[in-house]
Amino acid sequence: MQAHREQKLNTDMKKNLLLFLFAILLIPASIRAQEVQKITIQDAIEIALENNYALKQAKNNLNLAEESIFSEYADFLPSVSSSLSGSRTSGQQFIFDRFSEGLDPFVNITSQSLSGRISANMNIFNGFNNILTLRASEESKVSREESLQRAQESVIFNTASRYLQVLLDKELLEIAKENLVTSQKQLEQINAQVEVGSRPAVDKYNQEATVANDELAVTQRENSLALNRILLIRQLQIDPLGNYEFVVPDVSDASEYSLVAYELEYLINDALKYRSDIRSEEADINALEYQLLLSKSSLLPTISASYGVSSRYSDQYSLAGQDVSFSDQFFDQQVNKSLGLSFSLPLFNNWNRMYNIQASQVQLKNARLSLDNTKLQVVQEVTQAYNDYSSYAKQLEASEKSLVASEKAFETQQERYNVGASTLIELSQAQANYASAKSNYTQAIYNLIFQEKLVDYYLGKLTGEDIKF
């Protein structure tokens, strides 16, 4: 019996130990599941700027443009090349030394030789090719820099837009929940009144239908919030399985937005002057102008200079019948130096050069037309954004008045219904109007904030350093 108790005790201890170890393994997982990463809109923008693949590609293109400029500078230097070759030849060969000595010069032998050369070439004049190519590469770099800036502005705007939509969905969800709670409280009150006979049963059924509709509205708002959270997380390119809390800033005081004054003509001129995409296209046009000059320079003559040093060794080489060592041959007796100057004048190249000139002219014309179209689009975007901003400012003012009025109307109808001076239909309508007014007011605030960021985006003024509400 004692042995049985000890065995049971040992078994229980083992079970407890296993449970303890299992609990230890589960603790980190549960802790990780409870960890919540809070993200403000500024955090979201910084994360997006760091993770966005399009920005990384734009940066790579800029690095390539910088390397291209370095390569163009190197073209002003001479080109240097070297070569070294060796051979082994078997068969009948002509030996000049034997011929000079009166012997048969054709001998069947195996010979070995080694030759080397170092040469340098330098363009003295090539139709200003190097200078024009360098200037074109510099303009291309400017274009890549402006393209990178515009890409950053796009990432900032898209991130802020996604973030604002999530905040709006959260606010609308809270409004829907508050409306549901109000409907449920009214249902409880009506049930009590129906039970004592002070209200007809139809009021109960109507209110139950209202509660069901409010529950559906909450579900729809939850789905909309979940979808836009996914889109925001995708925009940030962060772990979709992470637990994130997007911090809601204080946007209750929207008066500062309605007081912002914009002058349309000033905005248009500002956008045309500072928009990165316009500056990028202007730099592309400058590069194409250099490319056109470069094509025309192919009609000019070229002048180049060259210098070379060569040497060779052969085991069949002899001097006065004496073999000559490798060092004497390769570094002294068979060393040759050359200095050259060449002049080339193009006469006819199957019309290829003229075609290249015409193609460059067409590309330049198309680029200028594209720039004109972009400027017209900028004017349209800024004008539309300005008009929408003015409209949203008026909508905010009207929705604020509507909210105050509908709230008072709902409170009045609630009091009248409680004393039997109003019907449930009138109360439900007042409640629906109040919920709609709160939703409209919240949307008007976020629409105005969004529109202000849209104006900044169209003006090319989004830096991401401080996105304020």
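Analyst: The answer below begins with the model, turns to the pocket and then moves to other sites.

This is a predicted model, in which local features need pLDDT of at least 70 and side-chain atom pairs count only at pLDDT 80 or more, while totals for chains, interfaces and linings use all residues. Residues are numbered from 1 along each chain as its sequence is written, and side-chain values use heavy atoms, with hydrogens and water left out.

The protein has 12 helices and eight strands; these are DSSP runs numbered from the N terminus, helices being H or I of at least four residues and strands E of at least two. Of its 469 residues, 34% count as buried. Buried means under 20% relative accessible area, exposed over 50%, and partly exposed in between, with a 1.4 Å probe and protein chains only.

The largest pocket holds about 290 Å³ of space. It is lined by 15 residues, and those closest to its centre are Asn179, Asp214, Ala432, Ala435 and Ser436. A pocket here is an open set of points on a 1 Å grid over the protein atoms alone, where a 1.4 Å probe fits, with protein on both sides within 12 Å along at least five of seven lines; lining residues have an atom within 4 Å of a point. Grid points are joined across faces, edges and corners, and the volume is the space filled by probe spheres set on the points.

Three helices, α5 (129-195), α6 (201-236) and α12 (424-459), each supply at least two residues of this lining. The largest share, six residues, comes from α12. By type, the lining divides into six nonpolar, seven polar and two charged residues. Here Ala, Val, Leu, Ile, Met, Phe, Trp, Tyr, Cys and Pro count as nonpolar, Asp, Glu, Lys and Arg as charged, and the others, Gly among them, as polar.

Helix α12 also contains Ile425, which counts as exposed because its relative accessibility is 64%. The C-alpha atoms of Ile425 and Asn206 are separated by 8.5 Å, although the two residues are 219 apart along the chain.

Beyond four places in sequence, the contacts of Ile39 include Tyr163, Ile238 and Phe246, where contact means heavy atoms within 4.5 Å.

Gln237, in the loop between α6 and β4 (244-246), has a positive phi of about 55° although it is not a glycine. Phe128, in the loop between β3 (106-125) and α5, likewise has a positive phi, of about 60°, without being a glycine.

Elsewhere, Glu281 lies in helix α9 (residues 276-297) and counts as buried because its relative accessibility is 18%. Its side chain makes polar contacts with those of Ser370, at 3.4 Å, and Thr374, at 2.7 Å. A polar contact is a pair of N or O atoms within 3.5 Å; within protein, one must be able to donate a hydrogen and the other to accept it, and residues adjacent in sequence count only if both atoms are side-chain atoms.
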